[in-house]
Amino acid sequence: MPFKLQTICGPRRRIGQEIGKLARPRMAAYLAQSPVWAALRPWRGHAYLDELAGCVQRALPSVWEEFEGLAEGLRMPLPDVLLWHCRGELLHSAPEGCTSIAWHGADGTRWIGHNEDGDPYLYGRCLLLDVRPDDAPGYVAFAYPGSLPGHTFGANRAGLVQVINNLRTRRRHAGVPRMFLARAVLDCATLDQALAVLQSHPRAGGFHHLLGAAREPRIVGVEAAPGLCSVQEVTRGTAHANHLTHPGAERVPQIVTDSSRARQSRAENLMDTWPPQADGDTVVAALLDEQGPLPILRRAPDDPDQENTLATALFEMRDGGLALRIHDRSPEPVLTLPIL
C-alpha cells in the first residue's frame, strides 16, 4: 500500500481547509459505512458539545482556527465535524485501538514504534501529511480523513515525537476534547512544553501519549483522562495498548477489551526476552507479531473490537536526528523519511 506524503503550508485556516479538501472525496462514503457515525448522530445539538467547543476556543484558539478551516474544506457543518472529533468523549468504546512500544538502545538511540489500529474501511484510505504552519515548527503525521492530525502517530520539525493510544474511559467531563489536545502537542518545541499542554488543560476524554524527542534522552508515557494526568518516564522500555496501566489509574472507570489486555501482555512478554542489543527492527518485529487469537498485528475480519492495523510506524532518535519508517504489515518499510 503506497503512502504518498502531501505537503501543506500557510496560516492555520488555510491548512485546515487543505486538509479538509484532501479528505472531502472520501468523507461521505466513510461516514455512511461507519457504525460510530450512526451512534454519534443522536448527540447532534446537545449542549455538552457547545461546552466542549467553548473549552477548545478558550484554551487552544489556533487549533480551533485550523479546525474551522477543516470544516470549510470538508464542506460539512462545523457542528457535525465537532461531533466527529468528540467521538471518544461521547462513546465509551470508540473503535480506535493501537499498540505502542518504546525502547532505549544501549548506544543511546531511542525508538518509538506504533501500530495504528482503526476502522478496517480506512486501510489504504488515510493521509500522510507534511504540514508547515506559519507559526509553529510543522510536523509529519498520519491522519484519518476528516480529522485533525495528531491523534495517530507524528513528529514535528523541532524533533518531538508523539504516538497516541485510545483509552476507553467511562467519564464525561467538561474540558478540551482529547483530539484537540493531541493536535496541540505537535506545535510544541520540547517535551516539557508538551507535558505542560497535557497537564494544564482540563480533559474531556482519555488518551495515552507516548512522547520522545530527538534532542533529549527522555521518553515519557502520559495517561491523560478526566481527573488524571499520570506521567511516567521510560527507563529501558515500555509497551502500551488501550487501557490505563499506571499506578493510581484504577480510580478512573474504563473499559478493557480482551484484545487490549492480550496485546499488552504479549508485548510485555516479548520485551522481557529482548537482549541488550535489541533495536528498531526488534520493535517492529514485536508490532508485527501475530501469535495468539488476539495478536498485536490485527488484520482479522472478525476482530472483536472492529479494528485492523492500518500502518506501523517506527521513529528513530539518534544523535539529535529523527527519522520515520512506515511499514505495511511487513518487516520491509514502504517509506523511510528523515524528519530532522
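Visitor: Let me pick a residue: is cysteine 55 buried or exposed?
Guide: This is a predicted model, and in it cysteine 55 is buried, with a relative accessible area of 11%.

Visitor: Okay, and how far is its sulfur from the closest cysteine sulfur?
Guide: The closest cysteine sulfur to that of cysteine 55 belongs to cysteine 86, and the two are 10.0 Å apart, which is too far for a bond. A disulfide needs the sulfurs within 2.5 Å.

Visitor: What about cysteine 98, is that one in a disulfide or in no disulfide?
Guide: In none: the nearest cysteine sulfur, in cysteine 126, is 11 Å away. Cysteine 98 is buried too, with a relative accessible area of 2%.

Visitor: Switching topic: how many helices and strands does the protein have?
Guide: Ten helices and 14 strands. The radius of gyration is 18 Å, close to the 20 Å that the globule rule gives for 340 residues, so the protein is as compact as a globular protein of that length.

Visitor: And what share of the residues count as buried?
Guide: 61% of the 340 residues. Also, among contacts with a separation of 6 or more, 68% come from residues 24 or more positions apart.

Technical notes
Residues are numbered from 1 along each chain as its sequence is written. This is a predicted model: local features need pLDDT of at least 70, side-chain atom pairs count only at pLDDT 80 or more; totals for chains, interfaces and linings use all residues. Side-chain values use heavy atoms; hydrogens and water are left out. Buried means under 20% relative accessible area, exposed over 50%, partly exposed in between (1.4 Å probe, protein chains only). Helices (H or I, at least four residues) and strands (E, at least two) are DSSP runs, numbered from the N terminus. The radius of gyration is taken over C-alpha atoms; the globule rule is 2.2 Å times the number of residues to the power 0.38. Contact means heavy atoms within 4.5 Å.
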